[in-house]
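I jotted down each thing as I looked it up.

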Amino acid sequence: MSSQRLSPDLLDQQPGILPNHNTLLALPEKIIQLGTGVLLRGLPDYFVNKANQQGQFNGRIVVVKSTGNGGTDAFAEQKNIFSHSIRGIENGRQIDETVINTAISRTLSANTHWAEILKCAHDPEIRIVISNTTEVGIQLTDDDIFASPPASFPGKLTAYLYERFKTFGGSPESGMVIIPTELIVGNGPKLRAIVLEQARRHAPEDAFLKWLEENNHFCSSLVDRIVPGKPDADTIAEISARQGFKDDLMIVSEVYRLWAIEGDSHVRSVLTFAEADNGVIIEPNIDLFRELKLRLLNGTHTLASGLCFLQGLNTVRESMENAETAAFIADIMLKELAHAIPYAVDESRAQEFGNQVLDRFRNPFIRHQLIDITVQYTAKMKMRNIPTLLNHYKNSDTVPVLFAKGFAAFLLFMKPVLHQENSFFGDRNGEMYPIRCDSAAYFDEKWKNASSTLDLAQEVLSDVSLWDADLTLLPGFADAVKEHMTEQLIVK
């Protein structure tokens, strides 16, 4: 493997890698994106890059990081160029290809480049906002939109839109198309409501509210592609040797891709990158896509990740290669969750989608770390699975025993044994693991004060403030959870 790093200089020296790179690197900025995570780079940025290479969008992305640079910054060193390894099965054919993505023009830190970020609001060509700040990012807080920067994502967005409003005098054509990709039902309207409230609290002009409401499009969207975190050392070495260069920004994804965006003809006219790939769907209603993905793929991930991890497994692939956990994953998805989706979904459609998901979980190229799936575990459980559980009991008086087992594993996973500074850690047979969840302190207190494991389960299940429902009122569910908690769910 060459020791050279992927960069514009390398592309100049080896034009065969990307022959038209100079043209692509000179394209104007058209999108501002809040987040540098692998999902955004592996899906929205993938579609933009593909459209640019086909001459269909011809625009680049300004990326806003929520944290400072913090030492070596690969984005700066590589001038924001990165490689994207796409590996898996599509229509029965094995795919193993690499794409060089040049869609990102700049990465700016919200903490240190806020004035420069606000200057982007002055550019009439930047008409699109994309975000992914996890499920807990879209929340109304007591924020100050005039801070440098505001603390919350909605506060930052409100400040940015206010800057744009002032710059263009509230002209209708200066309105933005705003696409949150956070996995929240109705993420577009929810973000819109928070931004409007921030504007009411802080912005002095009534005309700003009118402009926000009439000229800006907050589009609900759904993203679906497995893009694990940083590849492991063996995968990096293998791909780097084949590519012939180093890339500290390398991402790996499956072939499957879907970005469903709720929008009208105006939204479609702005998002011209959608023409480059049939994985981008712009429709007036995306509820079906959202519910299938949220309840079957994400819901299964959430209910299975803690269980499989506590059993000593580390990746989704390993979980699908283990007969016991593979059966749990398939059965909870197809026999329990598919029948209880809180939306009118044809049974055959749910089964078809579920079987597609199982094939994706079996992808031999993807090393999706279970510990990464447990990030914001409690918020994910509430958002993805509790509505399905409640709907199950609307239609049946049977206990969803596999759901109960997955929930029991969640409670055991969320047992901190070490609190170090602001971090909490659990114990898997002597191995410390991070509990990266905003509710970690809550569970630390609950576990410490509980007289027994069963008492802990009763306390948490009955906490309406946590679940917006008393789960102990669901016939037989609490008993099933408690029974599973006394089983050997943690590998010894």
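This is a predicted model: local features need pLDDT of at least 70, side-chain atom pairs count only at pLDDT 80 or more; totals for chains, interfaces and linings use all residues.

**Entry 1: cover over a helix.** Next I listed the buried residues of α8 themselves: Asn 187, Gly 188, Leu 191, Ile 194, Val 195, Leu 196, Gln 198 and Ala 199.

**Entry 2: length of α8.** What span should the 16 residues of α8 give at 1.5 Å a residue? I get 22 Å for residues 187-202, and the end C-alpha atoms lie 22 Å apart, so the two agree.

**Entry 3: the sheet.** I find an open sheet of six strands with parallel pairing, ordered β5-β2-β1-β6-β7-β8. Strands β5 (104-109) and β8 are the edges; each has a single partner strand, so one side of each lacks a neighbour in the sheet. I then checked how β8 is held to β7: the two pair in the parallel sense over two bridges. Across this pair, Ile 178 stands opposite Phe 218 of β8.

**Entry 4: a surface patch.** Which residues form a nonpolar patch on the surface? I noted Val 417, Leu 418 and Met 432, which together have about 240 Å² of accessible area. Leu 418 sits in strand β13 (residues 418-420). Is Leu 418 buried, partly exposed or exposed? Its relative accessibility is 34%, so I put Leu 418 down as partly exposed.

Conventions
Residues are numbered from 1 along each chain as its sequence is written. Side-chain values use heavy atoms; hydrogens and water are left out. Helices (H or I, at least four residues) and strands (E, at least two) are DSSP runs, numbered from the N terminus. The expected span of a helix is 1.5 Å times one less than its number of residues. Buried means under 20% relative accessible area, exposed over 50%, partly exposed in between (1.4 Å probe, protein chains only). Patches are made of residues with over 30% relative accessible area and no salt bridge: like charges are joined within 9 Å, nonpolar side chains (Val, Leu, Ile, Met, Phe, Trp, Tyr) within 5 Å. Accessible areas come from the Shrake-Rupley method with a 1.4 Å probe; for residues, only the protein chains shown count as cover. A salt bridge is a side-chain nitrogen of Lys or Arg within 4 Å of a carboxyl oxygen of Asp or Glu. Two strands pair if DSSP finds at least two bridges between them.
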